[in-house]
Amino acid sequence: MNRTLRFLMIHLALAPRSITFALLAMVFSTAVHAQAQAGLPPKIKRVVFLGDSITYLGQYTAYVEAYFKTRYPARTIEFINVGLPSETVSGLSEPGHAGGTFPRPDLKERLARVLAATKPDLVFACYGMNDGIYLPFDEKRFADFQTGMKHMHDAVKAANSEIIHLTPPFFDGTKTKNLAYQDTLDHYSKWLLDQRNQQHWVVFDVHGPMTDFINENREIDPNFVYAADGVHPNDLGHWIIAKQILLGLGAKDITNATTAQDMMTGVPHGEEILKLVQRREDMLKDAWLTSTKHLRPGMKQGLPLPEAHEKAAEIEKEIRNLH
């Protein structure tokens, strides 16, 4: 291991909470120069993904996990997806949401339970898509989003975990004939990016690269989309999110990859491992959501967590046998 990288990782483990961000950022930056692959400090053993339905769908989260499974087969990092469809950090909900059957879930209601149960070392948080409730930009709603983001950030840090924020994924205002909301999420993304300097948050930008990608492709094909409903990305959209996370962690080896399958090119049994990771996550995410007692109606009942972990261990054996 690079001597400087080793020094930073040792001091990361010993550092006071007030300076952990700076050391964490230095580790990521140093890892970029030390190796072509993405890196996480040794203290990171459990990674939790918080978010709404885009996170719950699980493609981008599985792509990230599959990367680490194939690049670091001897390392044990547990990845937990607890994304909840319809959720916001702002606590807002539009009239008639879900046909008037229930308001949007508010992360604040369940966050303490989730953090206590999952005990993360690192959290990736992807919110914003639902937080402006699909309306034109409004200062009051914007303030609620900011307050919710700060509450989440502080709660995660208080739980002795690091947090990396993701800017909101691209909302396709052209597809939905709602360009005003596309502008709303531009504001929300810019504010999050500003927190890098203002509050020393770690923020990875997915909004900008997704926007650029769709604009570039529409110059070739004006009908190009990667979110049929304007909100939920397809596999390609999820790959762009995952790629920005991995690039943010220093993954030079996927710079030219255009799909998750490209990421697995040349990796023995790469696509098989990816499918197994996806199968395990699909089962575990419902178990974790049920166990942490979310309040959203209409969700699939998950297995009891001990049973889910037993099944996950069986899938893990299949993965390790492929290495």
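Is Pro268 buried or exposed? Pro268 is exposed, with a relative accessible area of 60%. This is a predicted model, and every value here is computed from it.

**Around Pro268**

Pro268 is found in the loop between helix H11 (260-263) and H12. Its C-alpha atom is 7.2 Å from that of His323. Along the chain, Pro268 and His323 are 55 residues apart.

**The nonpolar core**

The largest nonpolar core has 87 residues. Val47, Leu50, Tyr60, Phe68, Phe124, Met149 and Met152 touch the most other members. Helix H12 (residues 270-291) gives this core its largest share, nine residues.

Take Met152 as one example. Leaving aside residues up to four places away in sequence, Met152 touches Leu50, Val89, Leu107, Leu111, Ala125, Tyr127, Ile163 and His165.

**Aromatic pairs**

The structure holds 18 aromatic pairs. One of them joins Phe49 and Phe79. This pair is stacked, with 6.4 Å from centre to centre and 20° between the planes. Phe49 lies in strand S1 (residues 46-51) and Phe79 in strand S2 (residues 78-81), so the pair ties together parts 30 residues apart in sequence. Phe49 is buried, at 0% relative accessibility. Phe79 is also buried, at 10%.

Tyr63 and Trp239 make another pair. Their ring centres are 6.3 Å apart and their planes meet at 65°, so the pair is edge-to-face. Tyr63 lies in helix H4 (residues 59-71) and Trp239 in helix H10 (residues 235-248), so this pair ties together parts 176 residues apart in sequence. Tyr63 is buried at 3% relative accessibility, and Trp239 is buried at 2%.

The table sets out both pairs.

| Pair | Centre to centre | Angle between planes | Geometry |
|---|---|---|---|
| Phe49 and Phe79 | 6.4 Å | 20° | stacked |
| Tyr63 and Trp239 | 6.3 Å | 65° | edge-to-face |

Phe49 and Phe79 also belong to one aromatic cluster with Tyr60, Tyr67, Phe68, Tyr72 and Phe124. Elsewhere, a charge meets a ring. The charged end of Lys285 sits over the ring of Tyr56, 4.2 Å from the ring centre.

Thr55 is found in helix H3 (residues 53-57). Thr55 counts as buried, at 0% relative accessibility. Not counting residues up to four places away in sequence, Thr55 touches Phe49, Leu50, Tyr60, Thr61, Asn81, Gly83 and Cys126. Among these contacts, Phe49 and Tyr60 are members of the aromatic cluster.

Ser161 sits in the loop between helix H6 (139-158) and strand S4 (162-166). Ser161 is buried, with a relative accessible area of 0%. Its side chain reaches the backbone oxygen of Pro120 at 3.5 Å.

**Helix H10**

How many of the 14 residues of H10 are buried? Ten are, and H10 is mostly covered. The buried residues are Gly237, His238, Trp239, Ile240, Ile241, Ala242, Lys243, Gln244, Ile245 and Leu246.

The length of H10 agrees with expectation. At 1.5 Å a residue, its 14 residues should span 20 Å, and the end C-alpha atoms are 20 Å apart.

Both ends of H10 have a feature to look at. At the start of H10, a side-chain oxygen of Asn234 reaches to within 3.1 Å of the backbone nitrogen of Leu236. Just after H10, Gly250 takes a positive phi of about 100°.

Conventions
Residues numbered from 1 in each chain as written. Predicted model: local features only at pLDDT ≥ 70, side-chain atom pairs only at ≥ 80, totals over all residues. Heavy atoms only, no water. Core = buried A, V, L, I, M, F, W, Y, C linked by side-chain atoms within 4.5 Å. Buried < 20%, exposed > 50% of the residue type's maximum accessible area, 1.4 Å probe, protein only. Helix = DSSP H or I, 4+ residues; strand = E, 2+ residues; numbered from the N terminus. Contact = heavy atoms within 4.5 Å. Phe/Tyr/Trp six-rings, centres within 6.5 Å; stacked < 30°, edge-to-face > 60°. Lys NZ or Arg CZ within 6 Å of the ring centre and 35° of its normal. Polar contact = N/O pair within 3.5 Å; in protein donor to acceptor, adjacent residues only side chain to side chain. Expected span 1.5 Å × (residues − 1).
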